[in-house]
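Student: I have a structure open and would like to talk it through with you. Could you help me look at some of its parts?

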Amino acid sequence: MVARLRVLLAAATLPLVAGYVAVAAVLAGIAATAEQADASVPGVLRAAGPGWLAVYQVPVSIDGHELGVLPLAATAAIFALVAKVAHGAVARLGATDPAYPLMVIAVISTAHGLAGGGVALLVLPEPVTVETGAAVVVPALLAGLAATVGAARRVDLRDHVRAHIDEAAVRGLRAGLLGVAALVAAGMLVLLVSAALSVGTARDTFAEYALGAGGGLGMLLLSIVYLPNAVLSGVAFVTGPGFSIGPVSVTPFGLSGGALPGVPLLAAVPEQYGAWWPALLALPACAGVLVGWVLRRSDPQPVVRLRSVTVAGVCAAFGCLVLTSMAGGQLGDGGIGAMEIPAALVSLAAFGWIAVPAGLVSWLAGPRAVAAEAGVDAGEEDDAAEEDAAENDLAENDAAGIGDGAADDDAADDGAEDGDGAADDAGERDGDPVGDTGGDTGEPDGDTDGDTVGEPDGAEQLAAPADPVAEQGSGGEDRDGGHRDPEAAGESAGEQGDTDTRGPVRAAEGEDPEDDEDTPAGEDTPAGEDSGTGIADAGEYTADAAERTAGG
């Protein structure tokens with residue numbers, strides 16, 4: 001607990017003491033080299049109080065004349081110091097819980113507010129006066145902002161931010177900060193070019209107003225600490241609204257001249273208008289293009305990218321508003337008047353220069369939803385084509401299988417037909433002996449074959465596959481693929497015909513074999529005889545012949 005208190009106490013007092021000592025050292029150096037200046041220690045310490053408040057952007061009045069244009073370089077330095085102290089305090093506390101960084105921020109901000117109020121009360125009424133309310137609020141706000149930046153660098157606040165702000169807004173904030181930096185860089189470029197073109201005027205100003213070493217040192221320090229103010233004046237100029245110092249007004253579209261204070265930094269203000277000045281408006285446009293280029297692939301949806309661009313434009317506008325508001329102010333009640341920068345107009349102009357070009361670039365240079373949908377459709381079509389190809393291959397394979405089966409069936413049918421032909425040959429060979437030996441019947445062979453053997457070819461085809469042995473015996477080819485000897489088949493069939501070929505047929509028909517002699521020669525079988533009986537008898541005859549052939 002004591003260690004934490006020490007860390008918090010150091011974080012609260014270190015920026016205060018360091019800032020006050022730095023201001024006192026600068027004033028002591030100027031007083032020591034200047035003529036007719038109070039270089040005593042009490043005088044320097046008294047003057048360091050209002051100087052410290054001026055560093056925190058608190059307006060100060062000298063002999064009733066308000067000094068509102070305060071040096072931003074000193075403010076930036078004290079801002080960086082407070083942020084570094086806050087970062088170190090959070091690190092020494094060793095905690096990543098947001099409660100500790102908030103505690104550091106609160107302690108630093110409160111300490112600066114109390115210190116500002118105390119300095120305002122201690123300042124003598126004459127010749128310097130400070131408003132107490134501003135002396136309390138402004139340092140507290142500025143120190144609190146700097147401490148927040150420093151603590152955020154130590155603690156990862158991205159998860160906490162994303163819990164309340166979507167990713168598109170976060171990307172827009174980062175791009176907006178980039179836009180502010182780009183606009184400031186454009187203003188600095190304009191200032192450097194103008195200063196380079198007015199080196200002779202600046203040298204003459206030093207020679208005229210910087211009397212002695214102390215005067216020259218003070219003039220140099222004054223130009224350095226007000227350099228950021230001049231850069232922001234360049235931002236106001238390059239974005240369009242321009243700026244004014246007393247009677248002098250400068251914009252890209254016009255110039256009104258007048259007398260300026262004898263400060264070397266002000267030598268950069270041009271004395272004559274240039275017709276090419278409007279071309280400088282391309283610089284903020286380039287800043288907007290840069291922001292759009294950064295956001296062009298932030299999201300595949302153009303509408304979401306435009307949201308990020310809008311956030312970036314608002315962020316840039318707000319940053320320019322804050323900065324340019326601190327850059328200007330009153331220069332006293334004399335003939336100079338005030339240094340005025342129209343912060344509101346600069347803010348609106350910054351939004352336009354960032355949002356419009358960035359929106360166009362992010363929309364045109366980034367991916368489009370239509371293209372993405374087309375890619376999805378193309379992918380679906382490819383998948384459908386692949387599925388169709390697979391189905392076609394499957395159908396072709398099925399068709400090939402069916403064709404092979406059909407070919408096998410045809411081969412089987414051909415074998416069966418060959419078997420039937422062999423059976424018919426066997427039957428004919430059986431019929432020849434019958435004709436020779438049984439010539440007493442006088443029945444023509446053709447009638448006998450037509451009634452008993454010639455008709456039942458279909459029955460033979462149906463019966464042949466039923467018995468593999470019969471199929472083998474009746475076919476013209478054996479299973480080894482070799483052809484049988486027709487003579488052997490004929491002899492076998494002849495032997496069968498000699499024994500009982502016609503007997504079973506006549507018995508099946510219900511006739512006495514002895515009655516064959518009574519049948520007139522050349523007379524056909526009676527028409528009323530049942531043809532189905534003949535088919536069945538032919539089937540039985542074919543089967544018996546096949547069995548006997550296999551047995552022989």
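This is a predicted model: local features need pLDDT of at least 70, side-chain atom pairs count only at pLDDT 80 or more; totals for chains, interfaces and linings use all residues.

Student: Okay, how many residues does helix α11 have, and how far does it reach?

Tutor: Helix α11, residues 282–294, has 13 residues and reaches 18 Å from its first C-alpha to its last, which is close to the 18 Å expected at 1.5 Å a residue.

Student: And which residues of α11 are buried?

Tutor: The buried ones in α11 are Pro284, Ala287, Gly288, Val291 and Gly292. They lie on the same side of α11, because they cover an arc of only 135 degrees around the axis. In an α-helix there are 3.6 residues a turn, so residues three or four places apart point the same way.

Student: What do those buried residues pack against?

Tutor: The buried residues of α11 pack against α7 (167–197), α10 (227–239), α12 (302–327) and α13 (343–365).

Student: Switching topic, how many disulfides does the structure hold?

Tutor: The structure holds zero disulfides. Cysteine 315 is in no disulfide, and its nearest cysteine sulfur, that of cysteine 320, is 9.4 Å away, whereas a disulfide would need the two sulfur atoms within 2.5 Å.

Student: Is cysteine 320 buried or exposed?

Tutor: Cysteine 320 is buried, with a relative accessible area of 4%, and cysteine 315 also counts as buried, at 15% relative accessibility.

Student: Last one, where does alanine 135 lie?

Tutor: Alanine 135 lies in helix α5, residues 132–154, and is buried, with a relative accessible area of 0%. Leaving aside neighbours within four places in sequence, alanine 135 is in contact with several residues, including Leu53, Val58 and Gly113.

Note on methods
Residues are numbered from 1 along each chain as its sequence is written. Side-chain values use heavy atoms; hydrogens and water are left out. Helices (H or I, at least four residues) and strands (E, at least two) are DSSP runs, numbered from the N terminus. The expected span of a helix is 1.5 Å times one less than its number of residues. Buried means under 20% relative accessible area, exposed over 50%, partly exposed in between (1.4 Å probe, protein chains only). The arc is that of the directions from the helix axis to the C-beta atoms. Contact means heavy atoms within 4.5 Å.
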